[in-house]
Amino acid sequence: MADSIGERSYSCQKCGNRVSRNDDIISKSFQSKKGRAFLFYEAKNVAMGPQQEKMFITGQYVVSDVFCSDCGEKLGWKYIKAYDQSQKYKEGKVVLEKFKITDEDS
């Protein structure tokens, strides 16, 4: 029997499509241009945009925008490559902007 503790998930604010689990959060202290964001190990039910080079406060990265696979809303981005050795832990991880997702109990 599944335990309900830790089963909270996050969904697209616009359409309710589930995109990640509370257990997949690495950090809640990330920032986007529009406010707070969360770093996740992975996101599900999303589509990836083309890879592009971007400069953030913490350095240069190759990233792909992340979109809800149901409604197409841009939810955040995925780190593909970090050039700074100290930022390599972000590679393959996904940042979802807090105002674009909603948390709910399973």
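Biologist: Why is lysine 74 called partly exposed?

Modeller: Its relative accessibility is 33%. Buried means under 20% relative accessible area, exposed means over 50%, and partly exposed lies in between (1.4 Å probe, protein chains only). Lysine 74 therefore counts as partly exposed. This is a predicted model: local features need pLDDT of at least 70, side-chain atom pairs count only at pLDDT 80 or more, and totals for chains, interfaces and linings use all residues. Residues are numbered from 1 along each chain as its sequence is written, and side-chain values use heavy atoms, with hydrogens and water left out.

Biologist: What makes lysine 74 and aspartate 65 a salt bridge?

Modeller: Their closest N and O atoms are 3.6 Å apart. The rule asks for a side-chain nitrogen of Lys or Arg within 4 Å of a carboxyl oxygen of Asp or Glu. The pair passes, so it is a salt bridge. Aspartate 65, at 12% relative accessibility, counts as buried. The whole structure has nine salt bridges.

Biologist: What does the salt bridge of lysine 14 and glutamate 73 tie together?

Modeller: The closest N and O atoms of this pair are also 3.6 Å apart. Lysine 14 lies in the loop between β1 and β2, and glutamate 73 in the loop between β6 and β7, so the pair ties together parts 59 residues apart in sequence. Lys14, Glu73 and Lys100 are linked in a network of salt bridges. Lysine 14 has 59% relative accessibility, so it counts as exposed.

Biologist: How do you know that arginine 8 and aspartate 103 form a salt bridge?

Modeller: The N to O distance is 3.3 Å. Arginine 8 sits in the segment before β1 and aspartate 103 in strand β9, so this pair ties together parts 95 residues apart in sequence. Arginine 8 is partly exposed at 26%. Aspartate 103 is partly exposed at 39%.

Biologist: What makes β1 and β9 a pair of strands?

Modeller: Strands (E, at least two residues) and helices (H or I, at least four) are DSSP runs, numbered from the N terminus. Two strands pair if DSSP finds at least two bridges between them. Four bridges join β1 to β9, and the two run antiparallel. So they pair. Tyrosine 10 has aspartate 103 as its bridge partner in β9.

Biologist: How many bridges join β1 to β2?

Modeller: Three, and these strands run antiparallel too. Serine 11 stands opposite arginine 18. Five residues lie between the strands of this hairpin, where glycine 16 takes a positive phi near 90°.

Biologist: Why do β3 and β5 count as edges of the open sheet?

Modeller: The six strands have the order β3-β4-β8-β7-β6-β5, with antiparallel pairing. β3 and β5 each have a single partner strand, so one side of each is left without a neighbour in the sheet. For β5, that partner is β6, joined by nine bridges. Lysine 54 stands opposite tyrosine 61 in β6.

Biologist: What makes the chain as compact as a globular protein of its length?

Modeller: The chain has zero helices and nine strands. Its radius of gyration is 14 Å, close to the 13 Å that the globule rule gives for 106 residues, so it is as compact as a globular protein of that length. The radius is taken over C-alpha atoms, and the rule is 2.2 Å times the number of residues to the power 0.38. Those C-alpha atoms fill a box of roughly 45 × 25 × 25 Å along the principal axes. Buried residues make up 38% of the chain.
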